[in-house]
Amino acid sequence: MIKNGIPKENWHGRGPYIMGELTKYLVKEHILCNVEAADWREAIQKAAQPLVDAGKIGRTYVEHTIEKVEEMGPYFVITQGVALAHTRPSDDVKEQCVSLMTLATPVKFGHKTNDPVEIVFMLAATTDNGHIDAVMHIAQKLCEEGIREKIKSAQTAEELYQLMM
């Protein structure tokens, strides 16, 4: 059976998913739980830190992400409480990757309807369309009933990893 163009063997939970796509980009070592951040800038910096530490992105990519928000507003606060931080691909991205961070205290990013943010993903792609698979998986996962509450209440990177897979 095919639903929305995806074979049944690739369905997961309540709907169709491209299984395994996020595992290409998100690893447990890039997941942080219950992090304190004073503001949205610090939230982005802290969400990006595991990727910087792993050598997947450089500090300049993080700075460009912050600059783009200052220029365009919080375009990546995609739904209530969730930010999908990213900017254009650059030479500072060594490998496509994703990090995930939950905030101990919600932070305002300046979005009119989706603030405050409690869940921050940091995405980095090497090409203009390189992040599409990861974004699709994250968006579909966030549509699952109750998933945001489960993500916010998770206490370990392992819990968060299992929730996202």
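In the predicted model, the hairpin formed by β6 and β7 has 2 residues between its strands, and within this hairpin G81 adopts a positive phi near 80°.

Leaving out residues up to four places away in sequence, N114 touches V77, I78, T79, Q80 and G81, and a polar atom of the N114 side chain lies 3.4 Å from the backbone oxygen of V77. N114 has a relative accessibility of 13% and therefore counts as buried.

On its other pairing, β7 runs parallel to β9, to which it is joined by 4 bridges, and A83 has V120 of β9 as its bridge partner. These strands belong to an open sheet of 5 strands with mixed pairing, arranged in the order β5-β8-β9-β7-β6. Its edge strands, β5 (31–35) and β6, each pair on one side only, and neighbouring strands of the sheet are turned against each other by 20° on average, direction ignored. Strands β5 and β8 pair in the parallel sense over 3 bridges, and V35 stands opposite L103 of β8. Helix α1 packs on the sheet, where it touches β5, β7, β8 and β9, and its direction makes about 145° with that of β8. Helix α5 (residues 157–164), in turn, lies across β5, β8 and β9 and runs at about 120° to β5.

In soluble globular proteins, nonpolar side chains tend to be buried together. In this model the largest nonpolar core has 28 residues, and those with the most contacts inside it are I44, I57, F76, L103, F109 and M122. At least two residues of this core are supplied by each of α1 (40–53), α2 (59–72), β7, β8 and β9, with α1 giving the most, at 7 residues. Setting aside neighbours within four places in sequence, M122 is in contact with I44, A47, A48, L51, Y61, T65, A85, C97, V98 and S99. Apart from this core lies another, of 22 residues, which includes I31, I138, L142 and L160 among its members.

Definitions and conventions: Residues numbered from 1 in each chain as written. Predicted model: local features only at pLDDT ≥ 70, side-chain atom pairs only at ≥ 80, totals over all residues. Heavy atoms only, no water. Buried < 20%, exposed > 50% of the residue type's maximum accessible area, 1.4 Å probe, protein only. Polar contact = N/O pair within 3.5 Å; in protein donor to acceptor, adjacent residues only side chain to side chain. Contact = heavy atoms within 4.5 Å. Pairing = 2+ DSSP bridges. Core = buried A, V, L, I, M, F, W, Y, C linked by side-chain atoms within 4.5 Å. Axes fitted to C-alpha atoms, helices over the stretch in contact; angles between N-to-C directions.
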